[in-house]
Amino acid sequence: MSKGRSPEPLDFFIWTVEDVGLWLEEINLASYRQVFEENGVNGEYLESLSMFTTEQILRFIRRCHMKWGDFITLCKELRRIKVACLRGEQEVRKPWWAPPCLSMVFVKIARRNRQSRVVSLKLEP
């Protein structure tokens, strides 16, 4: 997905384990990158955190050896991304892998597609 660059926030629910690691560095939680990778924490897992029970949250915190304040930071940053997605405030980046002639086509399609993605996010519980 991303090649050493921060992942596109609009796609956080399809982030790979590597994308999550890059994002952790971006939000100053890089010390957890290795343990998140070892536990296979990807975007889909991060998305499901909002539906965790208290017991599951505590188990996650223990497994990842997280400080409570760092877990709160993680949740705040996830919420910030979700809100920005719902408001359509995320920038559409040109993909690193596309040749220049296709980059603009990709951006135009992604902008049009954003509305349908936002609707699907709003329908999630």
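Which residues does the UniProt annotation "domain: SAM" cover? I looked it up: the unreviewed entry gives residues 15-50.

**Ground rules**

I am working with a predicted model, so local features need pLDDT of at least 70, side-chain atom pairs count only at pLDDT 80 or more, and totals for chains, interfaces and linings use all residues. I number residues from 1 along each chain as its sequence is written, and side-chain values use heavy atoms, with hydrogens and water left out.

**Entry 1: overall layout**

I listed the secondary structure. The protein chain has six helices and zero strands. Helices (H or I, at least four residues) and strands (E, at least two) are DSSP runs, numbered from the N terminus. From the N terminus on, the order reads α-α-α-α-α-α.

I then checked the annotated stretch. Residues 15-50 are 61% helix and 0% strand.

Next came burial. I call a residue buried under 20% relative accessible area, exposed over 50%, and partly exposed in between (1.4 Å probe, protein chains only). Of the 125 residues in the protein chain, 38% are buried. The accessible surface is about 7,900 Å², and carbon and sulfur atoms hold 55% of that surface. These areas come from the Shrake-Rupley method with a 1.4 Å probe; for residues, only the protein chains shown count as cover.

I also looked at contacts, meaning heavy atoms within 4.5 Å. Among contacts with a separation of 6 or more, 54% join residues 24 or more positions apart.

**Entry 2: the core**

Which residues have the most contacts inside the largest nonpolar core? I found W23, L24, F36, L46, F60, M66 and L74, in a core of 23 residues. A nonpolar core here is a set of buried Ala, Val, Leu, Ile, Met, Phe, Trp, Tyr and Cys residues joined through side-chain atoms within 4.5 Å. Helices α1, α2 (33-38), α4 (54-63) and α5 (68-87) each give two or more residues to this core. The largest share, four residues, comes from α5. In soluble globular proteins, nonpolar side chains tend to be buried together.

Not counting residues up to four places away in sequence, L74 touches W23, L24, I27, L29, F36, L49, F60 and M66.

I then turned to helix α1, residues 17-26. Its buried residues are D19, V20, G21, L22, W23 and L24. After α1 comes N28, with a positive phi near 65 degrees.

**Entry 3: aromatic rings**

I searched the whole structure and got six aromatic pairs. One of them is W15 with W23, tilted, at 5.4 Å centre to centre and 50 degrees between the planes. Rings of Phe, Tyr and Trp (its six-membered ring) pair if their centres lie within 6.5 Å; planes under 30 degrees apart are stacked, over 60 edge-to-face, and the rest tilted. W15 is buried at 3% relative accessible area. W23 is buried at 2%.

Ring pairs link F36, Y45, F52, F60, W68 and F71.

**Entry 4: salt bridges**

I counted four salt bridges. My rule is a side-chain nitrogen of Lys or Arg within 4 Å of a carboxyl oxygen of Asp or Glu.

R33 and E37 meet at 3.1 Å, N to O. Both lie in helix α2, four residues apart, about one turn of the helix. An α-helix has 3.6 residues a turn, so residues three or four places apart point the same way.

Is R33 buried or exposed? R33 counts as buried, at 19% relative accessibility. E37 is partly exposed at 36%. Leaving aside neighbours within four places in sequence, R33 is in contact with E18, G21, L22, L24 and E25.

E55 and R59 form another bridge, with the closest N and O atoms 2.7 Å apart. Both sit in helix α4, four residues apart. E55 is exposed at 53%, and R59 is partly exposed at 39%.

R80 and E77 meet at 2.9 Å, N to O. They are three residues apart in helix α5, so about one helical turn separates them. R80 is partly exposed at 43%. Finally, I traced one network: salt bridges that share partners join E25, R33 and E37.

Technical notes: UniProt positions renumbered as here; feature names shortened; annotations may be inferred.
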